[in-house]
Amino acid sequence: MTQRTALVTGGTGGIGTAIIRYLAGQGHRVASNYRDEAKAEQWRKAMAAEGIEVCMVPGDVSDPVSCETMIKAIEEKCGPVEILVNNAGITRDTTFHKMNYQQWTDVINTNLNACFNVTRPVIEGMRARKWGRIVQISSINGQKGQYGQANYAAAKAGMHGFTISLAQENAKFGITVNTVSPGYVGTDMVMAVPEEVREKIVAQIPVGRLGKPEEIAHAVAFFTGDMASWITGANLAINGGHYMGW
Ligand code: NDP
């Protein structure tokens, strides 16, 4: 495996941490953004204790100006971004008839507009170098919709439209662009859902349990690896059989 520089947005979160571990395990230089310096420093030290040095740079993925500064800082510190995982995300759940504009725009900005904000400053470099790997972490709920998540489902479905367009535009530049659509994974995001709701969700999963962050990270490592060079514009659903559509 050729050593690359990999940026995982939201690397400090549940799925992001697992992705960082996998990519570092493959020998890549790994980078993540952060928003809260104290929290990030604690996380960085924990990763260092595992032997993983993460290049940490401040950055808010919902803000295009912040992202330009963030990418510049990462590229100065650890080289051009060759692997990008658009992973940072949030939920602001409520039924649409009660949803306010802030809840709508926060989720669209952090999940979908972030794909523009972070990918735009790296794509020209990837095209010039004729190599790149871009993976969006979407969601099962972008595929099937979800009660109380019109904002999130719209953003996550949009990420796949972004993926398949970017894949077409950049295939001849050695850049692959793919989506991973996780089902319910036992991170803070899902553990924040009330227990009785979680039990109902698990009851709908044929495999009979929540996913593990490593099970998502493994797929990202596959898409970003040398052997996946002929896979682009794909969506890989990893959800314990919860949804078996595209
Ligand atoms: P976590 O809440 O554990 O982590 C989210 C990460 O995103 C954190 O590092 C957080 O940083 C970062 N983040 C959030 N907003 C911003 C922002 N504006 N700018 C920069 N960073 C930001 O979530 P998961 O690990 O569970 O989720 C990761 C991805 O997987 C998300 O896109 C999510 O939608 C998707 N997903 C998750 C599923 C699940 O079941 N867990 C299922 C399907 C998809 P900070 O600490 O600063 O908040």
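How many residues does helix 9 have, and how far does helix 9 reach from its first C-alpha to its last? You are looking at a predicted model, in which local features need pLDDT of at least 70, side-chain atom pairs count only at pLDDT 80 or more, and totals for chains, interfaces and linings use all residues. Residue numbers start from 1 along each chain as its sequence is written.

**Stop 1: helix 9**

Select residues 213-224. This is helix 9, with twelve residues and a reach of 17 Å, close to the 16 Å expected at 1.5 Å a residue (the expected span is 1.5 Å times one less than the number of residues). Helices (H or I, at least four residues) and strands (E, at least two) are DSSP runs, numbered from the N terminus.

Now colour the buried residues of helix 9, among them Pro213, Ile216, Val220 and Phe223. A residue is buried if 20 or more other C-beta atoms lie within 10 Å of its own, exposed if 12 or fewer, and partly exposed in between, with C-beta atoms placed from the backbone. To see what covers them, show helix 1 (14-25) and strand 5 (132-137), which are included in that cover.

**Stop 2: the whole chain**

Zoom out to the protein chain, where there are nine helices and seven strands. Its C-alpha trace spans about 45 × 40 × 35 Å along the principal axes. Of the 246 residues, 44% count as buried.

**Stop 3: the annotated region**

Select residues 4-183, which UniProt lists, in an unreviewed entry, for "domain: Ketoreductase"; UniProt positions are given in the numbering used here, feature names are shortened, and annotations may be inferred rather than shown by experiment. Over this stretch the chain is 53% helix and 18% strand, with the end C-alpha atoms 28 Å apart.

**Stop 4: lysine 156**

Next, pick helix 6 (residues 150-170) and find lysine 156 in it. Is lysine 156 buried or exposed? Lysine 156 counts as buried because it has 26 C-beta neighbours inside 10 Å. Leaving aside neighbours within four places in sequence, lysine 156 is in contact with Asn111, Ser138, Ser139, Asn141 and Gly142 (contact means C-beta atoms, placed from the backbone, within 7 Å).

Definitions and conventions:
Two residues are in contact if their C-beta atoms, placed from the backbone, lie within 7 Å.
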